[in-house]
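Please keep the sequence and the coordinates in view while reading.

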Amino acid sequence: MNGNDATAFNLTQHTPKTVIKIAILGAESTGKTTLCRDLATHFSSPWVPEYMRIYLQEKWDNEQMTCTWDDLLPIAQGQIKLENKLAQQAAQDFLSRLDIDTVTDTQKYLFCDTSLFELMVYSNWYYGDCPLALKQAALAHHYDLILLTDVDIPWVADDLRDSPYEREEISAYFESQLNKYNKRFRRIGGNRDERVRQVINYLRYL
């Protein structure tokens with residue numbers, strides 16, 4: 001496929017050592033953003049929004065157009081740029097807490113509503129291919145915990161969602177890709193409180 005010149009995009013991940021990053025992946029409308037927000041509130045930590053939604057909502061509002069192949073690398077760069085910025089913020093927040101509080105934990109959490117791995121999965125799902133630079137970055141990036149959301153909540157329509165009847169199939173594809181590339185992950189399901197409790201438990205063993 002034709003696409004953008006990969007050399008024009010910087011997809012390098014930068015994570016301070018004091019930051020523990022959690023990536024939340026899954027099919028559309030499975031509660032990823034809600035879980036990110038709930039965890040950020042519980043831990044008083046920052047969270048990274050899904051840049052693809054920001055980018056594509058603006059595109060839809062301005063042009064009434066959806067995602068194309070040429071959007072993939074700009075979206076990837078926007079996602080990692082936002083993640084890197086908030087990772088630095090999380091590290092700085094931690095250092096400021098050291099000065100004023102008694103801190104019992106030695107690291108700061110950053111909750112990521114998606115990652116380049118998810119973008120790679122969707123690229124393969126919709127186009128049967130993925131830009132090489134995106135794939136290389138997605139497989140190189142590291143997260144201390146990867147969560148895959150279950151399809152156990154109702155689908156909610158919006159301007160961008162288009163797969164109300166394929167969520168189970170897409171979720172299974174996510175699982176197969178995580179296993180294929182040896183990305184360890186945990187399933188996460190239940191209501192909002194149950195999901196938060198599950199993640200709190202997972203984080204105890206990192």
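Read from the N terminus, the elements of the protein follow the order β-α-β-α-α-β-α-α-β-α-β-α, which amounts to seven helices and five strands. Helices (H or I, at least four residues) and strands (E, at least two) are DSSP runs, numbered from the N terminus. The model is a predicted one, in which local features need pLDDT of at least 70 and side-chain atom pairs count only at pLDDT 80 or more, while totals for chains, interfaces and linings use all residues. Residues are numbered from 1 along each chain as its sequence is written, and side-chain values use heavy atoms, with hydrogens and water left out.

Of the 206 residues in the protein, 45% are buried; buried denotes under 20% relative accessible area, exposed over 50%, and partly exposed the range in between (1.4 Å probe, protein chains only). The accessible surface comes to about 10900 Å², and carbon and sulfur atoms hold 48% of that area (Shrake-Rupley method, 1.4 Å probe; for residues, only the protein chains shown count as cover). Among contacts (heavy atoms within 4.5 Å) between residues at least 6 apart in sequence, 77% join residues at least 24 apart.

Strand E1 (residues 19-25) is largely enclosed by the rest of the structure, because seven of its seven residues are buried. In a regular strand the side chains alternate between the two faces of the sheet. In E1, Val-19, Lys-21, Ala-23 and Leu-25 point one way, whereas Ile-20, Ile-22 and Ile-24 point the other way, and all are buried.

Which strands does E1 pair with? Strands pair if DSSP finds at least two bridges between them. E1 runs parallel to E3, and six bridges join the two; here Lys-21 has Leu-110 as its bridge partner. With strand E4 (residues 145-149), E1 pairs in the parallel sense over four bridges, and Ile-22 stands opposite Leu-145.

The whole structure holds nine aromatic pairs, where rings of Phe, Tyr and Trp (its six-membered ring) pair if their centres lie within 6.5 Å, with planes under 30 degrees apart counted as stacked, over 60 as edge-to-face and the rest as tilted. Phe-43 and Tyr-109 form an edge-to-face pair, because their ring centres are 4.8 Å apart and their planes at 70 degrees. Phe-43 is partly exposed at 22% relative accessibility, whereas Tyr-109 is buried at 16%. The rings of Tyr-109 and Phe-111 have centres 5.9 Å apart and planes at 40 degrees, so this pair is tilted. Phe-111 is buried, at 0% relative accessibility.
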